[in-house]
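Subject: Structure for you to look at

Dear colleague,

I am passing on the structure we spoke about, with notes on what came out of it. Please read them with the model open.

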Amino acid sequence: MVREKIMDISLRRGFVWPSFEIYGGVRGFYDYGPLGALLKKNIEEVIRRHYIIEEGCFEVSSPTLTPEDPWVASGHVKSFSDVIVECEKCGEPYRADHLVAEHTGIQTDGMNISDLKEKIRDAGIVCPKCHGPLGDPYDYNLMFKTYIGPGKRKITAYLRPETAQTTYLLFKRLYAAGRERLPLGVLQIGHSFRNEISPRQGMLRLREFTQAEVQFFVDPNNKNSDRFDEVADLQIRVWSGEMQARSSEPKEMSLREAVESGITKTQFIAYSLGRAWSLFERMGIKGSRLQMRQHKDDERAFYSSDTWDIEYISQDFGRIELVGVSDRTDYDLRSHMELSKVDMRVNKEGRKFIPHVVEVAYGIDRPFYCTLESSYVEQTGEKSRTYFKFPRDVAPYRAAVFPLVNKDGIYEKARTVYETLKNLGFYVQWDSSGSIGRRYARADEVGIPFCVTIDYDTLRDSTVTVRDRDTMKQERVHIKQLASRLS
Ligand SMILES: [Zn+2]
């Protein structure tokens, strides 16, 4: 399994580590190690370039600890919950719908507590771990609850389960700061929290995770995009709700076709999906492993007019949802307007209306894993090796610098090259131990695109050997040209 090989490299070299390890660990939490933290930062930077620079979005950063009101308005206090059932003997908790689906093979989407209770009883389901009897199912809210302030003055608070709502609260400020333009896109990258019942899928289901969610505030009368042509010819595997309903396979088509045949309800949704698709390819995730899947009618939130996921087909995990693109209509701003009594309407060309929201909601941790899986290469044959084929902008380090030997002034010369590259803003790694072959292998294993070796010729003519990770080809480059070669 690729997953085990990736986890082995990850633990040894420092991409991700299970959290609180020396105290036995807690499921659903991961630490990013030295290489992982850099890779994650670079993935976030690619997202920023995509949305802030190219798309002209704003970025905001809100508190993760929030009072209760926003979550009352959004519906999270009431219904952001799963039905849980616990073993009466060993205490193991289960998601009731998953348990019933696994045991009976029936579809459990949309089942309520009493449906699930009945199914558990009828199918005679017991605790899969110890075969003990199961208690009554009950609703379990996935938000972490806490308090702000002391004593009688304390107020109920939650760790946010998503960034989106914290962005909506800023709408009036953002609209003014953006000089009242629509569509107005706002990105927020930050941590969110969900008290998952029993996370078992490693990095794919976390209790604390990083999101990058973009909210586009749009005019309900205009859900087109004037940049649609840039993505219209992308050929994408599409799995519409209707195809799923008649059990047919996804179909490859252009986004233009998807819009013209009415499969995506608006051009803006199709545009957002196309942009997300190219973002994943930029991260190093293979487009051939992606598909866009529409939520079926019974799966979509009641307020949404159209919702899609882009899914990655993992070698070991099957379908992984990487981003959700959803037309949320005026639900969010209207709900906050009703509870806060603050008018969220805008005035445009004599019309007064609540803008609609099209949300593009990425997690970071899942694309992080999929980037590792998609980039992992095992080369067999004479020159067998493993490496991560990360795109340059995503790789944790751009280059590794090696002195051929640690004497005769070569060590000092190599240090100078290393310091120069760092001063130019490159993340570079230093490695001066073992044979050059061993050092190449170590650099390849963590996906460093270039290795720079300083040798005796360097002292004579100021050239260095630059070795390319993917082709393993070596070329001599003058030190003055080195920075432009690496970029
Ligand atoms: Zn049990």
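In what order do the three strands of the open sheet with antiparallel pairing run? The order is S6-S5-S7. Bear in mind here and below that this is a predicted model.

In that sheet, S6 and strand S7 (138-141) are the edge strands, and each has a single partner strand, so one side of each is left without a neighbour in the sheet. On average, neighbouring strands of this sheet are turned by 50° against each other, direction ignored. S5 and S7 run antiparallel and are joined by four bridges. Within this part of the sheet, aspartate 82 stands opposite tyrosine 140 in S7. Helix H5 packs on the sheet, where it touches S5 and S6, and its direction makes about 75° with that of S6.

H5 covers residues 96-104, and its buried residues are Ala96, Asp97, Leu99 and Val100. Viewed down the helix axis, these buried residues fall within an arc of 160°, so they line one face of H5. They pack against strand S5 (81-86), strand S6 (93-95) and helix H6 (113-122). After H5 comes glycine 105, with a positive phi near 75°.

Strand S24 (residues 450-454) has five of its five residues buried, so the rest of the structure largely encloses it. The cover is on both faces: Phe450, Val452 and Ile454 are buried on one side, and Cys451 and Thr453 are buried on the other.

S24 pairs with strand S22 (residues 399-403) in the parallel sense, over five bridges. With strand S25 (residues 463-468), S24 pairs in the antiparallel sense, over four bridges. Threonine 453 takes part in both pairings: in S24 it is the bridge partner of phenylalanine 402, and its own bridge partner in S25 is threonine 465.

There is also a helix pair to look at. Helix H2 (residues 34-53) packs with helix H13 (residues 365-375) at an angle of about 110°, and their axes are 10 Å apart. Since angles of 65 to 115 degrees count as roughly perpendicular, that is how H2 stands to H13. At this contact, Leu39, Lys40 and Ile43 in H2 meet Pro367, Phe368 and Thr371 in H13.

Last, the chain as a whole. Its secondary structure comes to 17 helices and 26 strands. The radius of gyration is 26 Å, close to the 23 Å that the globule rule gives for 487 residues, so the chain is as compact as a globular protein of that length. Taken along the principal axes, the C-alpha atoms fill a box of roughly 80 × 65 × 60 Å. Of the 487 residues, 37% count as buried. Among the contacts in the chain with a separation of 6 or more, 64% are between residues 24 or more positions apart.

Regards

Notes
Residues numbered from 1 in each chain as written. Predicted model: local features only at pLDDT ≥ 70, side-chain atom pairs only at ≥ 80, totals over all residues. Buried ≥ 20, exposed ≤ 12 C-beta atoms within 10 Å, placed from the backbone. Helix = DSSP H or I, 4+ residues; strand = E, 2+ residues; numbered from the N terminus. Pairing = 2+ DSSP bridges. Rg over C-alpha atoms; globule rule 2.2 N^0.38 Å. Contact = placed C-beta atoms within 7 Å. Arc of directions from axis to C-beta. Axes fitted to C-alpha atoms, helices over the stretch in contact; angles between N-to-C directions. Parallel < 35°, antiparallel > 145°, perpendicular 65-115°, else oblique.
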